[in-house]
Amino acid sequence: MERQCSRFHAPLLACALASTLLATVNGCSDQHNAADPVQHHAQAATPAHAASAQPDVADAWQRLKDGNARFVRGAMRHPHEDTGWRGDLEKGQHPFATVIGCSDSRVPLELLFDQGFGDLFVIRVAGNLVMRDEAGSIEYAVLHLHTPIVAIVGHEQCGAVTAALGSHEDIMGEPQELSELLATIHVGMPEFSHAMPQAERVKAGVESNVRQAMHQLAQVPSIHDAVAAGHTRIVGGVYDLHTGQVRWLD
Ligand SMILES: [Zn+2]
């Protein structure tokens, strides 16, 4: 679990994470294994203040799967919300997963994975894209918070993906920032047959967009190295608005 704080990139100081980054950079690798409030509250049978390391890649992914399974069954635990737990988090955060999802109001990541405060390092952006800013946030989570899993979660009926499947004229007709976002999604899309029904195009587009984000993230050198070293893993899934289930991609 030991990684170097020196990989922190100075330009990221400009982002909203600056104060947290500075606090973390001042000794992140030593603090990590000293106490893990996420883990010592993770299981009801675990002693209240037992220290343990981050889960490994497989366990972290399983926690996401288990949380989503509880959500689908309607058996949510709503963990890690009480004042005592939040008080523990004042000492620092040790989220077990980084999750990138769409800003869509119907896809609240902590809820659909049945997780609480301090459990997930969440990035939400329309179309769950991984562009420069998102990559920087993910680097922070992987290199300094040591999250053992990075999950990119798209969702069915994504408006951003639907818009990105529109015509070039429609995309360019949007304001500059929005058109750039849609164009970025569009560029990563395969050519779908015009004979394909719109609902199927969107469904295929959502999955393709997740895979594209996974690919882009894997090209970031620091993330590539962390994955190669087995410190983290990039996984992708698609959330079904109707069932509440996240379908994980191969
Ligand atoms: Zn969306």
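**Ground rules.** I number residues from 1 along each chain as its sequence is written.

**Confidence.** I looked up pLDDT, the predictor's confidence in each residue, from 0 to 100, and noted a mean of 83 for the protein, with 79% of its residues at 70 or more. Over residues 1-52 the pLDDT is below 50, although this stretch has 64 contacts in the model beyond near neighbours in sequence; I count a contact where two C-beta atoms, placed from the backbone, lie within 7 Å. Where pLDDT is low, the predicted coordinates should not be read in detail.

**Overall make-up.** I find 12 helices and five strands, taken as DSSP runs (helices H or I, at least four residues; strands E, at least two) and numbered from the N terminus. Of the 250 residues, 35% are buried; the term requires 20 or more other C-beta atoms within 10 Å of a residue's own, whereas exposed means 12 or fewer and partly exposed lies in between, with C-beta atoms placed from the backbone.

**Helix α4.** The 17 residues of α4 (residues 57-73) should span 24 Å at 1.5 Å a residue, and the end C-alpha atoms are 25 Å apart, which agrees; the expected span is 1.5 Å times one less than the number of residues. I list A60, R63, L64, G67 and N68 as its buried residues. Seen down the helix axis they fall within an arc of 125°, so they line one face of α4, the arc being that of the directions from the axis to the C-beta atoms. The face turned away from this buried side carries the exposed residues A58 and R73. After α4 comes G74, whose phi is positive, near 75°.

**The sheet.** I read an open sheet of five strands in the order β2-β1-β3-β4-β5, with mixed pairing, where two strands pair if DSSP finds at least two bridges between them. β2 (120-124) and β5 are the edge strands, each pairing on one side only. Seven bridges join β3 to β4 (residues 233-239), and these two strands run parallel; I152 has G236 in β4 as its bridge partner.

Conventions:
Predicted model: local features only at pLDDT ≥ 70, side-chain atom pairs only at ≥ 80, totals over all residues.
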